[in-house]
Amino acid sequence: PFAEARYNEALRKALERCKRYPRMAQRRGHQGVVQVEFVLRRDGKLLEVRIIEGSGRDTLDRAAKEALECLQAPPFYPTMTGETRRYQLPIVFTLR
């Protein structure tokens, strides 16, 4: 459990580094949450990407998918079992 929690945190940080808020969406004040699902292979390779629930804004949904496609996921930690893992998480776009 500890290794998985550490891995999940590393994965979230890697995804945040890839996330780009589209300028047009920023200018128009668009915000939203995109619920995504993706599958990683043990070596960190992305195998599947799916939007479970869109934000209601195509630009934000595309940006979420692009963030996942950019993701350089770390390999699974040695104590993590299985050859693949399915993750579901929100990608949040908020203006500050």
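Arginine 86 is partly exposed in this predicted model, at 49% relative accessibility. Its side chain meets that of glutamate 48 in a salt bridge, 3.5 Å from N to O. The pair links distant parts of the chain: glutamate 48 lies in strand β2 and arginine 86 in strand β3 (residues 84-93), 38 residues apart. Glutamate 48 is partly exposed too, with a relative accessible area of 42%.

Arginine 50 pairs with glutamate 37. Buried or partly exposed: what is glutamate 37? Glutamate 37 is buried, because its relative accessible area of 8% is under 20%. Arginine 50 is partly exposed at 44%. Glu37, Glu48, Arg50 and Arg86 are linked in a network of salt bridges.

The structure holds seven salt bridges. Three of them are listed here.

| Salt bridge | Closest N to O |
|---|---|
| Arginine 41 – aspartate 43 | 2.7 Å |
| Arginine 50 – glutamate 37 | 3.0 Å |

Arginine 41 is partly exposed at 33% relative accessibility, and aspartate 43 is partly exposed at 41%.

Other arginines form a surface patch. Arg23, Arg27, Arg28 and Arg57 gather there as positive charge. Arginine 57 sits in the loop between β2 (46-53) and α3 (58-70). Its relative accessibility is 38%, partly exposed.

The overall fold has three helices and three strands. They run α-α-β-β-α-β from the N terminus. Buried residues make up 35% of the 96 residues. Mean pLDDT is 95. Confidence is lowest in helix α1 (residues 2-18), at a mean of 93, and highest in strand β1 (residues 32-41), at 98.

How values were computed:
Residues numbered from 1 in each chain as written. Predicted model: local features only at pLDDT ≥ 70, side-chain atom pairs only at ≥ 80, totals over all residues. Heavy atoms only, no water. Patch = residues over 30% accessible without salt bridge, like charges linked within 9 Å, V, L, I, M, F, W, Y side chains within 5 Å. Areas by Shrake-Rupley, 256 points an atom, 1.4 Å probe, with all protein chains shown as cover. Salt bridge = Lys/Arg side-chain N within 4 Å of Asp/Glu carboxyl O. Lys, Arg positive; Asp, Glu negative; His and termini not counted. Charge placed at Lys NZ, Arg CZ, Asp CG, Glu CD. Helix = DSSP H or I, 4+ residues; strand = E, 2+ residues; numbered from the N terminus. Buried < 20%, exposed > 50% of the residue type's maximum accessible area, 1.4 Å probe, protein only. pLDDT = per-residue confidence, 0-100.
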